[in-house]
Amino acid sequence: MQRTTSIHGRWSHRWVFILAAMGSSVGLGNIWKFPYITGENGGGTFVLIYLLCVFLIGLPLMMAEVLIGRRGRLSPVNAIALCARETSVSPRWQLLGGLGMLTGFLIFSFYSVVAAWILHYIPAMAKGVLAGAGIQQTSRYFEALLVSPERLILGHSAFVWVVMTVLALGVRRGLDRAVRIMMPALFFLLLLLLIYAANTGYFKHALVYLFHFDLAKVTPQSVLVAMGHAFFTLSLGMGAIMMYSAYMGRRDSIGRSVLWIGLLDTLIALMIGLAIFPIVFASQLDPASGPGLVFITLPVAFAQMPAGQVLGFVFFILVGLTALTSAISLMEPVTAWTVERFKVMRWQAALIWGVLAWLLGLAVLVSFETMSSLRFFSRNLFDWLNYFTSNLFLPLGGLGLAIFVGWKLSRRVTESELHLQQTWLYLAWYFAIRYLVPAALGIIFVANLYNII
Ligand code: PHE
């Protein structure tokens, strides 16, 4: 027996699901990570590998998540259990849903810290605090900010509060409405930045940088980074997309929706690159400046260019919006699960997890105080959370899901749920989910584990 709606509600339109999934996937990964890892891994070649990973590995896994979510219509834990029961496999596979919820919660706790930095930069940009600053000043400014949790606590709390409120309002009044307002706003701001970037005179440099193909720069390491990022940016491996799919219409095409999400996420990542790099080049800065690109390098560019104050202000609002829509999807699975498991009201579930996430985030904020200089991979709580979730938990979750859907679920279930028009398309997906995805994720997981040791 298949349900047509989830007990939690349903999106108001087919496109709202796509918008919500995009909201989840377009996040700090697109703005904060994608440009700098592209910079560090040789530009265009890396972009190409990344695109291959998105389409060959990311999208098949996303289809798997969507099919479970829509079939189960519940939080990942219970949706997986339901699908497992339907094909008489052990319901213990639901542990994957548990791992996903934990991962989401942990990612959220450092996401909200980055959000607090962003919230600090929005007014700082508007006031022109950094006007005329060079790279030394902006890095000193950022380093000083990192070690003063008292200046960040308000932003952190506000961010958690907004996410909690949206979650408490539920699917239709909260999430649906939030993405319908925030996503168009995000597009609009991005477009503004792009228009500005196109007029800096350095747009062509950015195009070359992003699309110039140079095979000599491909290393096994860059392939690994590209694969890992494809999963992270598509929000796969932790059940966020699975959760959102529970609110999808029964007759909407999974294949087409997933294709849209993949295309739009990639398009936005590239647009962000095309908005950021001309600004960086126009100020003769280094595009491969690592994680500090957004908080150290770009502020220099904003500090030096005409209308930079407004531009920086708009840019950080954009970053804040992307963080917000992703953060909502990180916490929705655990919230929905709590409602299902303990039969509490939604606002109660949202409140409990909000408070817990706020506390953990606080610990992360304080963990920077002991750090003397901005070395991102020296070990503090922030780095550990980032490292473990992105590099180990997400690949592990994705690997488990691929094995579950490819090897355990019956073809009857996957075939009827995906409902692809052409048989060859189904077979291609089936091949990917059975072999390609597990192989890729297995490699990522083992390589990352090896890196730790
Ligand atoms: N996709 C988000 C990003 O690019 C991160 C994320 C991962 C969000 C997993 C939700 C779930 O930043």
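Reader: Which element gives the largest share of the shell around the ligand?
Author: This is a predicted model, where local features need pLDDT of at least 70, side-chain atom pairs count only at pLDDT 80 or more, and totals for chains, interfaces and linings use all residues. Residues are numbered from 1 along each chain as its sequence is written, and side-chain values use heavy atoms, leaving out hydrogens and water. Elements are DSSP runs numbered from the N terminus: helices (H or I, at least four residues) and strands (E, at least two). The largest share of the shell, 3 residues, comes from α2.

Reader: How many residues surround the ligand?
Author: A residue is near a molecule if one of its heavy atoms lies within 4 Å of it. Ser 25, Gly 29, Tyr 111, Phe 232 and Ser 235 are the closest, and the number of residues surrounding the ligand is 13.

Reader: How many residues of the shell are charged?
Author: Ala, Val, Leu, Ile, Met, Phe, Trp, Tyr, Cys and Pro count as nonpolar, Asp, Glu, Lys and Arg as charged, and the others, Gly among them, as polar. The shell has 5 nonpolar residues and 8 polar ones, while the number of charged residues is none.

Reader: How many residues apart in sequence are the parts tied together by Glu 417 and Arg 70?
Author: Their side chains meet in a salt bridge at 2.9 Å, N to O; the rule asks for a side-chain nitrogen of Lys or Arg within 4 Å of a carboxyl oxygen of Asp or Glu. Because Glu 417 lies in helix α16 (residues 411-418) and Arg 70 in helix α3 (residues 44-72), the pair ties together parts whose separation in sequence is 347 residues.
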